[in-house]
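Dear colleague,

Please find below the structure that I am handing over to you, with its sequence. My notes on it follow.

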Amino acid sequence: MSDTPYSDHANQPVDVKPFSAGDRVGILGADRPCTSCAYDLIGQPIVRDPVYQLLLVRCPECGTATALQEYPLLGRWAGRWAMVLAASWMLALVVLLLLSGLAMAGLSMWFGEAMAEPLRGAARADYMAWWEERQIQAQMQAAAAAAAEAGGEDDGGSTAAAQPAPPAPIAIWQQRASEQKASVEAWWSHHGGLEGWIAGRQGWLRALDWWGLGALAVSIPAAAAIGAVWAVAVLGLPRRRLWGVGLVVAAVGAAFCLWFLMLAEQSSAANRAAFSGWHFTVGRFADWRVQYPATVLSLLLLIAGVFVGLHIGRPVARLLVRTLLPPRMRWGLAMLWTTEGLKPPSVR
Amino acid sequence: MRLSHHCFACGADCSRIAARLDDRLGLALLGCPGCGRTLVRRSVQVRRRWRRLWRGTLAFLLLVVQMGFLLGATGLSAAGGYLLSSTISDLIAGRRPELVRPFESAGLMVADPVVLALPLAMFLVVGLWHGITFAHFGLVRSVIRFLVWVAAVVLVVCSGGSFLVAREFPSLTDLSGFATMTFGLLLGSPAFVGASLLGRRAAESRARWRRGRYRRAMAARRRKP
């Protein structure tokens with residue numbers, strides 16, 4: 001600033017002269033957005049205003065004068081608040097990561113369990129049918145024995161003959177509890193294997209579980225939405241490096257999924273030990289043959305969905321902002337454009 | 001609380017001195033009471049950052065709300081289209097519209113054509129929202145885009161849903177619901193466009209009022225001694 005004192009107080013009206021360029025004192029050498037239109041003023045001449053002796057830069061786009069006078073920050077609270085905000089943001093990202101992993105693992109398990117349910121249901125139905133038949137026969141035998149006692153007759157041989165014969169798989173399981181695998185294989189071949197299973201249900205569509213397909217139809221868009229949220233949450237990262245975020249999310253999802261599978265396996269083994277039903281044995285067969293592979297397959301599909309979401313997340317967010325927000329409000333989310341070097345949308 | 005503002009040359013406290021908006025430069029200027037230098041009153045960076053953060057948060061919240069509204073408006077338009085089309089076809093065929101039944105079960109007696117007011121009301125509500133939200137787009141373009149969007153969403157839901165529920169509800173696989181809804185959308189589009197025009201007019205008059213208020217405030221600031 002020059003030492004020329006100001007002739008009149010700035011709060012008093014002054015003679016307004018047409019704008020003159022003033023003395024050119026230098027060139028602006030760094031980025032500085034125009035306060036009105038945000039045009040980057042780098043490279044513009046710095047002039048000294050002839051009336052007020054202020055150093056100014058005129059925006060070549062809108063003509064707004066920007067003063068170069070700045071005041072340094074003396075307080076410490078700005079830094080403290082910035083630190084609190086940064087820590088909160090980091091915490092939010094960690095929570096988001098855990099929630100993303102949990103959601104992916106939960107959706108995968110949902111699909112896996114739904115896919116195994118028809119097999120488990122069929123085994124349960126077979127076992128319960130035999131069990132009920134046996135109960136009915138036992139009741140009938142008890143009634144016949146009571147009637148015989150009342151009549152003074154002894155007909156023990158006929159009660160033994162009335163016991164229903166168990167189906168072959170259950171018979172194997174009853175004879176030798178250690179040969180569970182053979183029992184399940186016998187049950188599976190009794191249904192004709194995979195082909196017989198599908199044929200028995202009149203086509204593969206009906207052999208699959210409705211809820212399982214529904215789960216998959218919902219889960220993949222949900223995974224894409226998770227990817228899109230991450231693409232916007234880590235705006236500071238260039239788009240070409242977003243695959244790293246996808247890998248982290250996928251790793252957390254896979255870890256949760258593995259944990260859930262281990263819990264399911266423990267629960268399944270505990271069920272088999274605690275309950276004597278033969279269908280629990282088939283349940284484990286369904287776990288290994290259907291549920292676990294289906295869960296892994298679903299997880300892979302969800303990971304693919306996350307990567308798709310990461311790829312399209314930012315363009316979709318920009319489209320939503322352009323479409324749903326009034327022009328004045330768009331400026332608040334201009335970072336969606338500026339971080340990728342794009343021109344923000346017009347505010348008019 | 002006033003923001004501190006000291007003269008960079010003599011250190012005099014200028015925070016209590018009212019700044020005057022200079023017509024020529026468009027800057028808020030004040031003279032230092034100590035040395036007479038001209039100073040510029042500017043918002044400090046902290047406040048500017050907070051304002052930017054606040055503005056971003058507001059924009060984000062509005063975006064979330066608008067996404068919810070878009071979802072609701074899509075469902076309401078689809079339901080309105082379906083109800084309008086099926087009610088009109090029932091009335092033409094001389095059948096009692098199915099839409100009457102909920103009224104009757106609630107103990108209300110309504111004439112058959114009166115139930116047409118319900119889907120039309122749905123179109124009016126959605127149209128008002130559409131006019132207010134998409135006032136910055138051209139009317140014809142935004143209306144066509146919105147109707148195509150609703151039809152596309154319903155087509156995806158119908159086709160995906162019919163694939164999934166083919167086992168339970170085979171009658172849905174013929175996509176007759178989609179055809180009925182699309183026809184109803186076309187029938188209800190005049191009401192939708194009318195309400196959209198009203199909403200647009202309301203949004204424009206509000207923007208005009210805001211601009212006027214800003215202009216008056218700036219003029220008052222310039223007049224301030």
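Which residue in E2(A) does Ile27(A) stand opposite? Ile27(A) faces Pro45(A). Before the remaining findings, the conventions are as follows. This is a predicted model, in which local features need pLDDT of at least 70 and side-chain atom pairs count only at pLDDT 80 or more, while totals for chains, interfaces and linings use all residues. Residues are numbered from 1 along each chain as its sequence is written, chains are lettered from A and ligands numbered from 1 in the order in which they are written, and side-chain values use heavy atoms, with hydrogens and water left out.

Confidence

The predictor gives the complex an ipTM of 0.71 and a pTM of 0.68. For chain B, the mean pLDDT (the predictor's confidence in each residue, from 0 to 100) is 82, and 87% of its residues reach 70 or more.

Strands

Helices (H or I, at least four residues) and strands (E, at least two) are DSSP runs, numbered from the N terminus; two strands pair if DSSP finds at least two bridges between them. In chain A, strand E1 (residues 23-27) runs antiparallel to strand E2 (residues 45-48), and four bridges join them. E2(A) also pairs with strand E3 (residues 55-58) of chain A, in the antiparallel sense and over three bridges; here Val47(A) has Leu56(A) as its bridge partner. The hairpin of E2(A) and E3(A) has six residues between the strands, and in it Gln53(A) takes a positive phi near 65°.

Chain B holds an open sheet of three strands in the order E1-E2-E3, with antiparallel pairing. Strands E1 (20-21) and E3 (38-40) of chain B stand at the edges with a single partner strand each, so one side of each is left without a neighbour in the sheet. Two bridges connect E1(B) to strand E2 (residues 28-31) of chain B, with Leu21(B) opposite Ala28(B).

Charges

There are five salt bridges over all chains, each defined as a side-chain nitrogen of Lys or Arg within 4 Å of a carboxyl oxygen of Asp or Glu. Glu340(A) forms a salt bridge with Arg318(A), the closest N and O atoms being 3.2 Å apart. This pair links distant parts of the chain, 22 residues apart: Glu340(A) is in the segment after helix H11 (335-338) of chain A, and Arg318(A) is in helix H9 (residues 279-324) of chain A.

Yours sincerely
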